[in-house]
Amino acid sequence: MANGGPVEHGYRHLETVRAAVTALYRRLSYDTIHQFATSVAPADVAFCDTDDLYPGVQRVARELVRHYRLPDARMIVSFREMEHAANVELAAGPEYFVELNDRFRTHRRDIGAALAHEIMHVYLHRVGLSFPGTRDNEILTDTATTYLGAGWLLLDAYREDGASSQKLGYLTPEEFGYVLAKRSLVFGEDPSVWFTSAQAYTAYERGMERARHDERQPPLTAAGWAGRRRYARDRRHAQDDRPAAPAPDAPYAFVPDPDPPGPLRVTFPCPTCHQRIRVPVRGRVRARCGLCRTVLECDT
């Protein structure tokens, strides 16, 4: 939790975020992810200063448990002084103990954001999904919280001006915006109408630009002129068996068919779930991602 300190910006965790989206589709399946097509509603997790503290916390926790479809999970929430925003004790259940930072006693509007992250830890624990290392596992949790419909709360908790700052979670504001944009492009949901933070809206717009950029990479037909020209050059080198390889930042790579004399193939990440797709190099091709079922128009 950044509380008055500097807030990191940019896309420094982007590869881990993309790996987390892929892992969600692989572990949960397309059908399960689409059960979360509707985000948690602002009214259901609203918390104002006039609400009684502990009954209000339990109400918000129950709503997030319902949203994550954890019917037999009971959250026991308490407050204490700590460095981080919150902590959850993961055990066999059905009771889980969540501790919130004492500052939330007086900053109650962000309690839903802190609980959304901690209860997602419970969800991922139950489905058996984790990444090695604390940092990557927390990035997975932030990504899952956001992609499954509660992470807009975490981005909305981001506020920054010349005198103060606050940010919850491990992702940067732009990375939260990126995952929210990915979700929006899949489900057609616009979370920006729920933001109370102007900085959150800006971060979401920047994240949407980056998400749209994923959809405009060759060999997708939506790629721009410069990308298509670079792709054509790299394809020509690959077909002529020249030593030149695509630039290090190119999202695609050319590979020979393992069963000659088959055609040259190109691999590239699905712009929705980031699983790598392999298609033959033969002009216009329509590919369907087997993981997220996205249909992709390609010009290989």
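Arg-265 stands opposite Pro-280 of strand S9 (276–280) in the predicted model, a strand being a DSSP run of E with at least two residues, numbered from the N terminus. The pairing of S8 (residues 265–269) with S9 is antiparallel and comprises 5 bridges; two strands are taken to pair if DSSP finds at least two bridges between them. S8 and S9 form a hairpin in which 6 residues lie between the strands. Within this turn, His-274 adopts a positive phi of about 70°.

S8 also pairs with S7, again in the antiparallel sense, over 3 bridges. In this pairing, Ala-253 stands opposite Thr-267 of S8, and Phe-254 has Val-266 of S8 as its bridge partner.

Together, the 3 strands form an open antiparallel sheet in the order S7-S8-S9. From one strand to the next, the twist averages 30°, with axes fitted as lines to C-alpha atoms and angles running from 0 to 180 degrees between N-to-C directions.

Residues are numbered from 1 along each chain as its sequence is written, and side-chain values use heavy atoms, with hydrogens and water left out. As the model is predicted, local features need pLDDT of at least 70 and side-chain atom pairs count only at pLDDT 80 or more, whereas totals for chains, interfaces and linings use all residues.

How values were computed: Helix = DSSP H or I, 4+ residues; strand = E, 2+ residues; numbered from the N terminus.
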